[in-house]
Amino acid sequence: MSATTNTSELPQKIVELRDVALTYDGTHEVLKHADMVLREGDFRFLTGPSGAGKTTLLKLIYMALKPTSGSVRIFGEEVRDLATDDRPALRRRLGVVFQENRLLDHLTAYENVALPMRVMGFKDQDYRGDVMELLSWVGLGDHILAKPPVLSGGQKQRVALARALVSKPDLILADEPTGNVDPEMGGKIMQLLLELNRLGTAVIVATHDFHIVRRIPMKILRLKEGHLTLHQPLAELTEQAP
Ligand SMILES: Nc1ncnc2c1ncn2[C@@H]1O[C@H](COP(=O)(O)OP(=O)(O)OP(=O)(O)O)[C@@H](O)[C@H]1O
């Protein structure tokens, strides 16, 4: 090993895609030659036209989909070489908010948010404060005992967001986290994600909401025609504009 190598000074790679292709049903090519690296502490917006493959990309990173070809490394592990039993441990380091938020209808909002902690073997007293704080942050402090069937779409989405954050994951994958909420709540959700990012969590936010992308100076991954490109923050560019 060379003594001059400086790779150890760079933050750890959390996600690395190399020449990734993903085709649905053998014909519908959604990703082609996609490359990206996400390191500890990075924050990226993921944008692109509807149907470009943003959700597909997030599901690939969550290991819910397999690439047709190419290399996907998560926390340094080549996903195709992992035994099925090894995936849950890696997934526990990921917090995900997908559009179809699978909350459990027979559990209260509190119990849904607490579930990942219970599954990991923690006791109520260990996580109670965090669950209450997150629910109140997302505006559901008065709904902790409500069950999903009586919550609106936006409220359910916020419960799902709180559930994704409660275990303090190393990487948050959020698919349109502000899609079903009013602008004020959307701003609060983004503040929460930025605060977690300041504390070291890497974040990818897929969004169509250009009000948010224009206001927050974070780099943008753009997905178009199967290719991923990295762009400078729109917020900074706007400030530099004459
Ligand atoms: N399970 C599936 N089987 C076959 N095709 C699929 C599947 N899931 C998604 N697709 C197709 O793949 C393409 C990419 O879908 P995806 O949901 O990833 O796009 P997106 O960029 O997230 O879209 P949007 O911005 O509208 O949410 C779309 O054409 C979609 O119809």
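In the hairpin of β1 and β2, three residues lie between the strands, and Asp25 there takes a positive phi near 55°. The model is a predicted one: local features need pLDDT of at least 70, side-chain atom pairs count only at pLDDT 80 or more, and totals for chains, interfaces and linings use all residues. Residues are numbered from 1 along each chain as its sequence is written. Helices (H or I, at least four residues) and strands (E, at least two) are DSSP runs, numbered from the N terminus.

Strand β1 covers residues 13–24 and strand β2 covers residues 28–39. They pair in the antiparallel sense over eight bridges. Two strands count as paired if DSSP finds at least two bridges between them. Val20 stands opposite Ala34 in β2. Leu17 stands opposite Met36 in β2. β1 also pairs with strand β4 (residues 69–74), in the antiparallel sense over five bridges. Here Ala21 stands opposite Ser69 in β4. In a regular strand the side chains alternate between the two faces of the sheet.

Now turn to the ligand. Which residues surround the ligand? They are Tyr24, Asp25, His28, Val30, Gly48, Ser50, Gly51, Ala52, Gly53, Lys54, Thr55 and Thr56. A residue counts as near if its C-beta atom, placed from the backbone, lies within 6 Å of the molecule or strand in question. β2 and α1 (54–61) are the elements that give two or more residues to this shell. α1 gives the most, with three residues. By class, the shell has three nonpolar, seven polar and two charged residues. Ala, Val, Leu, Ile, Met, Phe, Trp, Tyr, Cys and Pro count as nonpolar, Asp, Glu, Lys and Arg as charged, and the others, Gly among them, as polar.

Next comes an open sheet of six strands. Its order is β6-β7-β8-β3-β9-β10, with mixed pairing. β6 (94–97) and β10 (227–231) stand at the edges, each with a single partner strand, so one side of each has no neighbour in the sheet. Neighbouring strands are turned by 15° against each other on average, direction ignored. Angles run from 0 to 180 degrees between N-to-C directions, and axes are lines fitted to C-alpha atoms, for helices over the stretch in contact. Strand β3 (residues 43–47) pairs with strand β9 (residues 219–224) in the parallel sense over four bridges. Thr47 stands opposite Arg222 in β9.

Helix α5 (residues 153–165) touches β6 and β7 (171–175), and its direction makes about 175° with that of β6. Helix α6 (residues 183–198) touches β3, β7 and β8 (202–206), and its direction makes about 155° with that of β8. Residues are in contact if their C-beta atoms, placed from the backbone, lie within 7 Å.

Finally, look at a helix pair. Helix α3 (residues 109–119) and helix α4 (residues 124–137) pack at about 130°, with their axes 10 Å apart. Ala109, Tyr110, Val113, Ala114 and Met117 in α3 meet Asp126, Tyr127, Val131, Leu134 and Leu135 in α4. By class, this contact has nine nonpolar, no polar and one charged residues.

Notes
Two residues are in contact if their C-beta atoms, placed from the backbone, lie within 7 Å.
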